[in-house]
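Here is my note on the model you sent.

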Amino acid sequence: MKQTFTLRKLHILGLALIIIGIVLSVFGKVRSGSLLLAIGMAGYAYTRYFIIGMKRRIELFLPLLIAGTLFVVSLTLPHAR
């Protein structure tokens, strides 16, 4: 059975979401940009961990913790456009 999304494709998708999130944040859509940035960062960190084959768990959990914190903060922004 062929996988539709390989790790490499998910890695590129994570990078694309990060770039789109940064561009949206710069042009005023802070909440949407932060959400995309958090999702992209989590996907990038997860796929990078498995592509490179690192086995120190802190290299997976710390970026995921930062991405999760950014996600929560972006949802609680009071007046983000």
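Among contacts in the protein chain between residues at least 6 apart in sequence, what percentage join residues at least 24 apart? The figure is 58%. Contact here means heavy atoms within 4.5 Å.

1. Ground rules. This is a predicted model: local features need pLDDT of at least 70, side-chain atom pairs count only at pLDDT 80 or more, and totals for chains, interfaces and linings use all residues. Residues are numbered from 1 along each chain as its sequence is written, and side-chain values use heavy atoms, with hydrogens and water left out.

2. Overall fold. The protein chain has three helices and zero strands. Along the sequence the pattern reads α-α-α. Helices (H or I, at least four residues) and strands (E, at least two) are DSSP runs, numbered from the N terminus.

3. Burial and surface. The protein chain has 81 residues, and 20% of them are buried. Buried means under 20% relative accessible area, exposed means over 50%, and partly exposed is in between (1.4 Å probe, protein chains only). The chain exposes about 6000 Å². Carbon and sulfur atoms supply 72% of that area. Areas come from the Shrake-Rupley method with a 1.4 Å probe; for residues, only the protein chains shown count as cover.

4. Nonpolar patch. Leu7, Leu10, Leu13, Tyr46, Phe50, Ile51 and Ile52 make a nonpolar surface patch of about 600 Å². The elements giving two or more residues to this patch are α1 (7–26) and α2 (30–52). The largest share, four residues, comes from α2. Leu7 sits in helix α1 and is partly exposed, at 36% relative accessibility. Patches are made of residues with over 30% relative accessible area and no salt bridge; like charges are joined within 9 Å, nonpolar side chains (Val, Leu, Ile, Met, Phe, Trp, Tyr) within 5 Å. A salt bridge is a side-chain nitrogen of Lys or Arg within 4 Å of a carboxyl oxygen of Asp or Glu.

5. Aromatic residues. The structure holds two aromatic pairs. Tyr46 and Phe50 form an edge-to-face pair, 4.9 Å centre to centre with 70° between the planes. They are four residues apart in helix α2, so about one helical turn separates them. Tyr46 is partly exposed at 42% relative accessibility, and Phe50 is partly exposed at 40%. The rings of Tyr49 and Phe50 have centres 5.2 Å apart and planes at 85°, so this pair is edge-to-face. Tyr49 is buried, with a relative accessible area of 10%. Tyr46, Tyr49 and Phe50 form one aromatic cluster. Rings of Phe, Tyr and Trp (its six-membered ring) pair if their centres lie within 6.5 Å; planes under 30 degrees apart count as stacked, over 60 as edge-to-face and the rest as tilted.

6. His11. This residue lies in helix α1. His11 is buried, with a relative accessible area of 10%. Leaving out residues up to four places away in sequence, His11 touches Tyr44, Thr47, Arg48 and Ile51. Ile51 is also one of the patch residues.

7. Ser74. Ser74 belongs to helix α3 (residues 58–75). Is Ser74 buried or exposed? Ser74 is buried, at a relative accessible area of 1%. A polar atom of the Ser74 side chain lies 2.8 Å from the backbone oxygen of Phe71. Not counting residues up to four places away in sequence, Ser74 touches Arg31, Ser34 and Leu35.

Conventions
Polar contact = N/O pair within 3.5 Å; in protein donor to acceptor, adjacent residues only side chain to side chain.
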